[in-house]
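Here's a quick tour of some charged pairs and a piece of sheet. Have the viewer open while you read.

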Amino acid sequence: MIYFRNVCLSFLDKKLFEDINWIIHPKSRIGLVGDNGTGKTTLFRAILDQIHLDSGVIDIPNRKQISIGYLPQDLVELEAISLLDFLKRKSGIAELENTIHDLELQISQSKHNTPDFSHLSKKYSDALAHYNAHDGYTFEAKAKQILKGFGFREDDFAQNCDLFSGGWKMRILLTSILLSRPDIMLLDEPTNHLDTESMEWLESYLKDYPGTIIIISHDRFFLDKIVSQIAELSSSHIHIYKGNYSYYIKENERRNAALKKELELQKAQIKKIETFVERFRYKATKAAQVQSRIKMLEKFQTVRLEAKAKSVIMKFPEGKKSTKEVVKAINLGHSYGTLNVFSDLNFTLYRGDKAAFVGVNGSGKSTVSRLLSFSEKPSTGNVKYGDNVKMAFFSQESSENLHYDKTIWEEVNTVSTQATDQEKRNLLGAFLFSGDDIFKPVSVLSGGEKSRLALLRIMLLDTNFLILDEPTNHLDLKTKDIFQEALIKYHGTVAIVSHDRYFLDRLVNKVFELKDGTINQYMGNYSYFIEKRGPTIFPSKENGTLVIMEKDQVFKSKERKRLEAEARNKLFKLKSRWKNELISIEEKIKSLESRKAHHELTLCDPRTHKDPMKIKELQIELKNIDLELERSYNLWTEINSQLEQIDATNNLSGGND
């Protein structure tokens, strides 16, 4: 459980949270949404206890025993150690392996049948059980499976983490969180650096996750598939919607319509009361009624409507029509050194086409966009444009072509366009540049802000062919929707690379899938492509154990088998020692019980009663026997408990005696 009790927080003169009261129940699936700047990421940091609240408290009972996995939105730097070693360290497996190794060393140097040996043996058994409970024996197979789900290749596993690019580092960090299996997952834009196949894999993995998941995401498809509750952060308050994102959109509209109607009724009622008060204020016979109505006015709680941003409509300038055949790829092939990305691609885009290029990371989507825009020359084949084609190309590198010595407003005015100043300001506002922000120097903008500015410049150009490589990466949901509507109404041709499935689904009428160095064409939207491409095989579980599925065959790791066999041998040796200890203690108990029975019989003998000293001796000895029996019984129970634990550990790891 996570309890928010009267949580308040402000930064400078901006109030982020005001008296937030909220209970997050275990196993919740929550999508945290809200406009940029409302404090979604700050809320995550508050849950992590990284921010000092102005007032109130965020309480997690037994916080020290609760594990929280946090994926930040910002890029992270990783250590210069191998990928698998990093994952072992982050998940705690490396520490457990070191503990087991140290205990093995201590046991080998300890004498048998000593208290120290028994103590070390118990610790060793506990450590092995703990290691098994955390899937230590299957860790490497499981780690490789998740990494493959995120698009890593076998030869990546030994590579140092610091050598990967930013997007791949985020995938590594996400993998470490999944492997750690935290009680609470806080994921801030987890799909930002994933291709569509990796997103589908992540969805399949999270579907049955037993812990609590809270997600900040601009991906509607992802939210619809994962969450069962939406928490909207707006006007410093949390509003809860019991459903997925699609339900939230409909319910939010319904709630606002109901509030608007309630507000109108309230205004009419207030006006009616105020009219009565004004009319009879100075009439003595109506004084009591006037006072009663004044008190009614004071008790009114004003219905509060959420402040809505002014609706902005984006549109592209009307360019001249191109010929019917806009661009044609003929035997297109490209290589980088010895790496062949693809070869012999043949396809055509016609006037009015809105085509998506999809595929796993590394399949060549961005390469195709650069070849179509003539940013690179193909290794083989060629790209041919039709007559009157006016092309504009957006990529993540487009921000590098901005004039860093200019302000945002000056940069926008470098574009030759028919748009008025007001239309430019409206666009800037839609792209989250409002007020005095437009006079900021381009040089001080963040990477995301520069990317948005570069995209905005393209919207002002006179074009009839747009090539867009991940244009929505830095857009919030509202801006994305506005941009999507503008593209839908765009009369020209669009070639787009994007991992935003909802964005593609509403926009495109043609999908080109790049796979295994070739291209496949689907005449429909993204949903049609998913339907026609056939099912995707994801890693699954068999008898509770994660396995790797390739070409309908299940392979069990040889390394895993070896480690399990090694662990079973260690457990067998430990069990043999405990069994010997058990035999020894059982013989001792038998002897003590026999002596006790003999002394008790002696005490019952009438002749013994004639000797008080003998009675005293027998009673003292019986007391000592009882004490020794009690210790022996306890030791017997402890040894049996250890043997049961070893058996349980052995069964879990697939062993049998």
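## Ground rules

This is a predicted model, so local features need pLDDT of at least 70 and side-chain atom pairs count only at pLDDT 80 or more, while totals for chains, interfaces and linings use all residues. Residues are numbered from 1 along each chain as its sequence is written, and side-chain values use heavy atoms, with hydrogens and water left out.

Side chains of opposite charge can pair when their charged atoms come close. Here a salt bridge means a side-chain nitrogen of Lys or Arg within 4 Å of a carboxyl oxygen of Asp or Glu. Searching the whole structure turns up 31 of them.

One joins lysine 144 to glutamate 140, at 3.4 Å from N to O. Both residues sit in helix H5 (residues 139-149), 4 residues apart, or about one turn of the helix. Helices (H or I, at least four residues) and strands (E, at least two) are DSSP runs, numbered from the N terminus. Glutamate 140 is partly exposed at 29% relative accessibility; buried means under 20% relative accessible area, exposed over 50%, and partly exposed in between (1.4 Å probe, protein chains only). The pair also belongs to a salt-bridge network linking Glu140, Lys144, Lys148 and Glu154.

## Salt bridges between helices

Aspartate 481 and arginine 220 form a salt bridge at 2.6 Å, N to O. That one links distant parts of the chain: aspartate 481 is in helix H15 (residues 477-489) and arginine 220 in helix H8 (residues 220-226), 261 residues apart. Buried or partly exposed: which is arginine 220? Arginine 220 counts as buried, at 12%, whereas aspartate 481 is partly exposed, at 24%.

Arginine 595 and glutamate 621 meet at 3.1 Å, N to O. Arginine 595 is partly exposed at 37%, and glutamate 621 is partly exposed at 30%.

## A sheet and its helix

Now for the strands. An open sheet of 3 strands runs E11-E10-E13, with antiparallel pairing; two strands pair if DSSP finds at least two bridges between them. Its edge strands are E11 (339-350) and E13 (380-385), each pairing on one side only. On average, neighbouring strands are turned by 15° against each other, direction ignored.

Strand E10 (residues 325-336) pairs with E13 over 5 bridges, in the antiparallel sense. Alanine 329 stands opposite valine 383 in E13. Helix H11 (residues 365-372) lies across E10, E11 and E13, at about 60° to E11. Contact means heavy atoms within 4.5 Å, and axes are lines fitted to C-alpha atoms, for helices over the stretch in contact, with angles from 0 to 180 degrees between N-to-C directions.
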